[in-house]
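Trainee: Hi! Could you walk me through a protein structure today?
Mentor: Happy to. Have a look at this one, and then ask away.

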Amino acid sequence: AVVSTQSTGGCKFQGFMMTYFDWTCVGWVSVITANMYRLVKEEMSFESSESLFHLACWFLPGIVAGIPFIWDAYGHSGPWCWIKGENKMDQILRFLVWYGPVLAIVIALTALLIYLRVHTKRQNRTYAGYNPEEENNKSRKWREVRVLFMYPIVFIIISVCPLITRIQMALNEQSSFALVLLTSISAPLLGAVNTLLYSCSADMRQQMRPSFIWEELKHRKRQTLAESYNFAEENPGNPTSRSDNVVPYDQ
């Protein structure tokens, strides 16, 4: 009995964590797509709102993932631990917490991607032969957007099979072995594939080099010393910032 209790507790924790991190992936894919839309349409980004997006993408999934605890719905669900599906309330929770919103997000992302692709093609035709500066701006913007396009596309592709599986299981008591197998293979891949996409960016590969990281650390150290020196010069009467205790970095 003790083993069973521990297993159930561990399974509930796994179900919660799987729901939480799945929703963080959905949140960041949605943010990337929204940022891509603004880059293409307005040639601006949401960089100034980055802290707000972090709050939303890391905090809100915890609230959503905690909903099944109200009905003690986390447990063994086929080959993994998730919302059990033992009764009608569990089925409702599955679609309320995950499959319903994800289906709506998949449809919205698909429509938005089609719109952005059509809009980009129209821009290419409009810019063609206009002037070199416009051509360079077009090429630069497309390089920025090209990798971003892959995040929602991968999310849509990976989400299709689990959605079909759950709809089939909701309509038919006998689940399809082939669909369950494909879902078991595809569902855990989202994080890994997103990591690979993240490393596909040339800028990101450059920033991951040890030499770049070392130069960035040295730059931040120089910047900190310079700020301390400037503060001491501007506040000579402040005992906590004596200028004679600050040694400026010699470049």
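Mentor: Let's start with Y99, which counts as buried at 6% relative accessibility. Keep in mind as we go that this is a predicted model.
Trainee: Okay, 6%. Why does that count as buried?
Mentor: Because buried means under 20% relative accessible area, and Y99 is at 6%.
Trainee: Got it. Which residue does Y99 form an aromatic pair with?
Mentor: With F95. Their rings are 5.8 Å apart, centre to centre, with 50 degrees between the planes, and the pair is tilted.
Trainee: Is F95 buried or partly exposed?
Mentor: F95 is partly exposed, at 29% relative accessibility, whereas Y99 is buried.
Trainee: How many aromatic pairs does the structure hold?
Mentor: There are 9. One of them joins Y37 and Y115, again tilted, with 6.3 Å between the centres and 35 degrees between the planes.
Trainee: What does that pair link?
Mentor: Distant parts of the chain: Y37 belongs to helix α1 and Y115 to helix α3, and they are 78 residues apart. Y37 is partly exposed, with a relative accessible area of 30%, and Y115 is partly exposed too, at 36%.
Trainee: Which residues form the aromatic cluster?
Mentor: F16, Y20, F21, F69 and Y74 make up one cluster.
Trainee: Switching topic: how many salt bridges are there?
Mentor: The structure holds 1. In it, the side chains of K12 and D72 meet at 2.6 Å, N to O.
Trainee: What does the pair tie together?
Mentor: K12 is in helix α1, while D72 is in the loop between α2 (50–66) and β1 (74–77), so the bridge ties together parts that are 60 residues apart in sequence.
Trainee: How accessible are K12 and D72?
Mentor: K12 is partly exposed, with a relative accessible area of 22%. D72 is partly exposed as well, at 39%.
Trainee: Now the inside. Which residues touch the most other members of the largest nonpolar core?
Mentor: M36, I83, W98 and F155, out of the 34 residues in that core. At least two core residues come from each of α1 (2–42), β2 (80–83), α3 (88–127), α4 (132–171) and α6 (189–200).
Trainee: What does I83 touch?
Mentor: Leaving out residues up to four places away in sequence, I83 touches P68, A73, Y74, S77, D90, L93, R94 and V97.
Trainee: One more helix, α5. Which residues are buried there?
Mentor: In α5 (residues 177–186), the buried ones are L179, V180, T183 and S186. Looking down the axis, they fall within an arc of 140 degrees, so they line one face of the helix.
Trainee: How does that come about in a helix?
Mentor: An α-helix has 3.6 residues a turn, so residues three or four places apart point the same way.
Trainee: Last one: how far apart are Y198 and Y151?
Mentor: They are 47 residues apart in sequence, and 9.0 Å apart in space from C-alpha to C-alpha. Y198 lies in helix α6 and is partly exposed, at 47% relative accessibility.

Technical notes:
Residues are numbered from 1 along each chain as its sequence is written. This is a predicted model: local features need pLDDT of at least 70, side-chain atom pairs count only at pLDDT 80 or more; totals for chains, interfaces and linings use all residues. Side-chain values use heavy atoms; hydrogens and water are left out. A nonpolar core is a set of buried Ala, Val, Leu, Ile, Met, Phe, Trp, Tyr and Cys residues joined through side-chain atoms within 4.5 Å. Buried means under 20% relative accessible area, exposed over 50%, partly exposed in between (1.4 Å probe, protein chains only). Helices (H or I, at least four residues) and strands (E, at least two) are DSSP runs, numbered from the N terminus. Contact means heavy atoms within 4.5 Å. A salt bridge is a side-chain nitrogen of Lys or Arg within 4 Å of a carboxyl oxygen of Asp or Glu. The arc is that of the directions from the helix axis to the C-beta atoms. Rings of Phe, Tyr and Trp (its six-membered ring) pair if their centres lie within 6.5 Å; planes under 30 degrees apart count as stacked, over 60 as edge-to-face and the rest as tilted.
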